[in-house]
Amino acid sequence: MNTFYVTTPIYYANSLPHLGHLYTMIVADTIARSKRQRGIETYFLTGTDEHGINIERAAQKAGRTPQEQADYVVSYFKRMTSAFGLDTEHGGYDIFMRTTAPFHYEGVSDFWRRCEKAKTPKGNDAIYKGHYEGWFCAACAAYKTEDEYQKGDPPTCLIHDTPLDRVSEESYFFRLSDYGEALLAVYESRPDFIRPEARANEVISFVRGGLQDLSISRLRTSVSWGIPVPDDPAHTMYVWFDALTNYITAIGFGNEERERAVGFKKFWPALHLVGKDILRFHAVYWPAFLLAAGVELPRAIVAHGMLVDPNGRKMSKTLGNTVELDVLSRFFAIDTIRYFCLREMVFGQDGRFGYDGLIDRANSDLASGLGNLSSRTLTMIARYCDSRIPSGRIPEEKLLLAKRTGVDTDETTVAGFIETARDQFLLHFENLAFSRALEAAWSVVARVDKMITDAKPWDLAKDENQKQTLGVVLYRSAESLRWLSVLLYPVMPEASRAIWKQLGLEGVPDKIDPSTLKWGELPEGTAIGEVQAVFPRLDKTQILSDIRSGSESVKSPVQEPPASEPSESTNFIEIDDFAKVDLRVGQVLSAERVPKADKLLLLKIDLGEAQPRQILAGIAQYYEPEKLIGRKVVIVANLKPRKLRGLESQGMVVAASYGEEGRPVIATFTEDVPNGARLK
Ligand code: ME8
């Protein structure tokens with residue numbers, strides 16, 4: 001089956017994400033969209049890594065429980081991914097994976113047991129119990145060897161500059177030292193297993209240098225916030241063992257319900273997209289665990305470079321040099337950020353991020369480049385007409401005429417040019433060389449711009465004898481825009497859709513395989529849509545000064561929630577706001593399924609009023625109607641009535657909603673309470 005599975009790392013739920021985290025998501029989202037565009041069934045995972053000392057400490061500092069800490073960070077992630085168009089609703093990720101999900105516990109336990117039963121290639125037990133003595137960095141969630149820390153009392157992590165913890169305790173070990181040869185054999189036989197090549201070489205030389213066994217558990221008394229080791233709850237699993245396994249538990253490993261819903265068999269193996277900072281965990285430890293458990297290895301591990309600050313230091317919360325997502329979302333369009341990340345960062349290498357550069361690129365490549373090409377083409381089509389087709393419609397190209405007369409006019413060269421550029425674009429894209437792919441696309445922008453400048457349609461329009469040529473020039477520009485919106489859709493979904501719509505085309509370019517594009521398929525005579533600037537020019541001085549002064553004049557959709565607030569909600573309301581909601585106790589008098597609506601139940605509810613209320617509730621998949629009869633429920637009594645499936649619903653049943661699929665649990669009372677009583 002033609003399927004594809006792409007993952008980002010699951011991010012630590014100890015702090016809020018920044019541009020670095022967004023970057024990996026943007027790349028993964030772009031890859032997922034391009035696969036879907038080609039008709040490949042794709043699953044895209046992102047999420048949070050919620051266990052370990054890291055999260056425990058962050059929670060403690062913020063006065064939260066670890067679960068509250070994770071919920072708090074996740075609520076921000078959810079708003080952030082929605083604001084940046086990366087969530088399911090916007091065609092982005094398929095799962096926001098959380099390692100506190102019960103199915104993950106099940107899957108990891110299963111995976112551990114498999115490793116525990118396994119023999120290494122040298123015939124030893126893959127997991128054994130021993131004693132660990134050494135230094136541990138909570139920020140990296142990794143044990144540190146002597147060359148990985150700065151000596152001192154206590155020593156500090158070379159990456160995070162934070163003090164290390166001394167660990168001296170009983171621990172389970174994974175016998176990594178027995179896997180060196182097996183891993184090297186994998187790297188050798190699969191040159192694309194680790195990408196880019198330079199990173200693969202680093203991994204290979206690390207493994208050649210000899211592997212040490214890995215401590216994969218901590219005593220519960222030292223780290224309590226974690227998944228218990230099966231049959232030995234005095235130990236919790238090492239957070240990386242737990243976290244890496246998310247990639248398979250998310251799609252169904254070790255849990256039948258998930259398997260049915262997604263399918264490990266269907267989607268595994270994955271392409272793991274990671275920052276180079278965590279390559280070793282993915283390219284050494286993870287494949288070794290998988291080899292032990294007898295699970296197929298990933299499709300590939302692709303490591304990108306780090307976003308660094310102007311001083312070349314990795315952008316990170318610990319260093320306090322991050323680009324905040326609320327600032328970005330306040331001043332820049334999503335597609336501008338996506339374009340910049342993919343165009344400016346040479347994929348695989350570190351890249352500097354600065355607002356100056358972002359604004360310059362946005363103005364040169366987007367506002368003056370693609371945006372200008374789009375608006376000048378469409379404005380001219382709106383204004384001028386060719387010999388036959390009135391203004392406001394796509395003109396005729398007369399390609400056939402030119403071919404027949406054997407005249408090698410510009411049309412053949414533009415068509416030929418864009419076809420070659422498309423092929424280059426796709427080739428670079430396939431190799432994850434996004435920057436070069438975009439260069440190829442922008443060579444088309446330049447080519448078509450040149451054609452317009454050379455042909456001067458504004459002069460042609462003045463001459464009745466030149467109307468055919470005018471039509472040809474405008475057709476070619478418009479057809480090039482159609483191609484560009486298909487090619488660029490995975491990188492800039494919103495802008496591509498906007499151009500597509502302005503061309504007067506039906507649907508969206510998200511399902512058109514760019515390799516099947518044929519020149520001349522833009523229907524002549526199509527009425528174009530309303531012409532609007534796709535990328536308005538950015539006022540650099542104003543934006544930079546607003547950013548520097550911390551101006552809040554533009555509201556951000558991803559502002560940090562108040563620090564004291566542990567839950568998923570963000571804004572406080574006044575008591576008067578709450579009083580507007582009339583919540584009443586009701587009792588279910590009858591309940592039945594709604595034909596042809598597999599989610600809906602039709603309920604009659606006694607609210608202590610003269611007549612029972614008719615209320616529709618989307619709970620049919622989780623509640624048997626007959627079991628609800630007589631049950632006390634909470635009803636929003638002053639909700640504006642609305643029609644669902646032709647039936648009026650006069651209120652709403654209040655229910656909790658949890659999990660990925662939003663499973664409902666109806667609110668109820670444990671004590672007696674009369675129908676119609678108000679909740680306040
Ligand atoms: O390592 N530039 O989580 P994490 C580019 N939970 N990418 C960056 C970046 C930067 N400056 N900073 C962060 C963890 N990233 C583990 C992963 S996976 C089973 C467990 C991105 O929150 C990049 O993808 O520290 C990097 O690898 C990841 O965030 C690290 O996220």
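Modeller: Before we start, one cut-off: buried means under 20% relative accessible area, exposed over 50%, and partly exposed in between. Also, this is a predicted model.

Colleague: Thanks! With that in mind, is G254 buried, partly exposed or exposed?

Modeller: G254 is partly exposed, because its relative accessible area is 28%.

Colleague: And where is G254 found?

Modeller: G254 sits in the loop that runs between helix 8 (246–249) and helix 9 (256–261).

Colleague: What does G254 touch, leaving out residues up to four places away in sequence?

Modeller: G254 touches E106, G107 and D110.

Colleague: Let's switch to another glycine. Where is the place of G52?

Modeller: G52 is in the loop between strand 2 (41–49) and helix 2 (53–62).

Colleague: Is G52 buried or exposed?

Modeller: G52 counts as buried, since its relative accessibility is 6%.

Colleague: So which residues is G52 in contact with, leaving aside neighbours within four places in sequence?

Modeller: G52 is in contact with V223, W225 and V239. As for Y238, its C-alpha is 7.6 Å from that of G52, although the two are 186 residues apart in sequence.

Colleague: Nice. New topic: how do the axes of helix 6 and helix 11 cross?

Modeller: The axes of helix 6 (residues 197–208) and helix 11 (residues 279–293) come within 11 Å and cross at roughly 55°. The two helices are therefore oblique to each other.

Colleague: Is that crossing left-handed or right-handed?

Modeller: Helix 6 passes helix 11 in a right-handed crossing.

Colleague: Which residues make the contact?

Modeller: From helix 6 there are R199, V203, F206 and V207, and from helix 11 there are L279, R280, A283 and V284.

Colleague: Last topic, cysteines. How many disulfides does the count come to?

Modeller: With a disulfide taken as two cysteine sulfur atoms within 2.5 Å, the count comes to 0.

Colleague: Are C140 and C115 buried or exposed?

Modeller: C140 is buried, with a relative accessible area of 11%. C115 is buried too, at 0%.

Key:
Residues numbered from 1 in each chain as written. Predicted model: local features only at pLDDT ≥ 70, side-chain atom pairs only at ≥ 80, totals over all residues. Heavy atoms only, no water. Buried < 20%, exposed > 50% of the residue type's maximum accessible area, 1.4 Å probe, protein only. Axes fitted to C-alpha atoms, helices over the stretch in contact; angles between N-to-C directions. Helix = DSSP H or I, 4+ residues; strand = E, 2+ residues; numbered from the N terminus. Parallel < 35°, antiparallel > 145°, perpendicular 65-115°, else oblique. Left-handed = near helix turned anticlockwise from the far one by under 90°. Contact = heavy atoms within 4.5 Å.
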